[in-house]
Amino acid sequence: MARYTRDADINVAVIEPNPVEREYLLALVAGVPGVTLSGAYSGLAEPLPELEKAPPDMVVADLEASDDVAATWLKQLHTALPHTCLLVLATEKDRDHLFQALEAGVSGWLQKPCTTEQILHAIMVLQEGGAVLSSPVAHKILEYFRSRGSSVASEIMVFTSQGQSAIW
């Protein structure tokens with residue numbers, strides 16, 4: 001989990017297969033005060049060896065990959081870089097793999113399309129050691145626990161109301 005404050009400089013790597021969206025994310029990340037871009041990659045396969053050589057503080061990654069590839073990659077990243085925050089940008093179809101991603105150590109999950117403000121907010125929250133979930137994702141988590149007859153959903157709502165995480 002992140003260990004930063006807003007005053008500390010952090011290194012962020014971006015993984016986005018779409019070149020236009022990658023350039024957008026690079027410009028967005030570069031415009032955040034205290035953030036240095038440490039790398040840009042077009043897919044999940046190429047960056048892990050480079051990330052291990054110079055671990056970033058945060059990775060912003062679009063998970064446009066097969067389900068098995070994404071789940072395996074998330075586990076490998078968390079194992080290799082346990083102190084690196086991972087912000088996932090994913091489509092609704094990727095939401096089926098949300099729990100695998102959370103188990104693999106994801107710190108934030110924004111469902112695409114997401115706004116510039118949501119991405120910037122997520123980076124700042126993660127930078128401060130928080131967690132971020134898009135509203136549809138948070139809803140899926142709450143529904144999961146409600147369906148099990150658990151009081152955990154209530155506990156999560158109390159936790160978030162105390163400012164322990166951010167939900168978009």
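Helices (H or I, at least four residues) and strands (E, at least two) are DSSP runs, numbered from the N terminus.

Before I continue, please note that this is a predicted model, in which local features need pLDDT of at least 70 and side-chain atom pairs count only at pLDDT 80 or more, while totals for chains, interfaces and linings use all residues. Residues are numbered from 1 along each chain as its sequence is written, and side-chain values use heavy atoms, with hydrogens and water left out.

On the helix 1 side, the contact (heavy atoms within 4.5 Å) is made by Tyr 24, Leu 25, Leu 28 and Val 29. Helix 5 contributes Thr 116, Ile 119, Leu 120 and Ile 123.

I turn now to the salt bridges. A salt bridge is a side-chain nitrogen of Lys or Arg within 4 Å of a carboxyl oxygen of Asp or Glu, and by this rule the model has 4. In one of them, the side chains of Glu 21 and Lys 112 meet at 2.9 Å, N to O. Glu 21 belongs to helix 1 (residues 19-30) and Lys 112 to the loop between strand 5 (108-111) and helix 5 (116-127), 91 residues apart.

Which of these residues is buried, and which is partly exposed? Buried means under 20% relative accessible area, exposed over 50%, and partly exposed in between, with a 1.4 Å probe and protein chains only. Lys 112 is buried at 17%, whereas Glu 21 is partly exposed at 31%.

Lys 112 also forms a salt bridge with Asp 62, at 2.3 Å, N to O. Asp 62 lies in strand 3 (residues 58-62), so this pair ties together parts that are 50 residues apart in sequence. Asp 62 is buried, with a relative accessible area of 2%.

A further salt bridge joins Arg 146 and Glu 143, at 2.9 Å, N to O. Both residues lie in helix 6 (residues 135-147), 3 residues apart, about one turn of the helix. Arg 146 is partly exposed at 41%, and Glu 143 is partly exposed at 35%. Elsewhere, salt bridges that share partners join Glu 16, Glu 21, Asp 62 and Lys 112 into one network.

Lys 112 has another feature to report: the peptide bond from Lys 112 to Pro 113 is cis, with omega near 0°. Pro 113 is found in the loop between strand 5 and helix 5.

Finally, I come to Thr 84, in the loop between helix 3 (67-80) and strand 4 (85-90). Thr 84 is buried, with a relative accessible area of 7%. Leaving aside residues up to four places away in sequence, Thr 84 touches Pro 55, Pro 56, Asp 57, Met 58 and Val 59.
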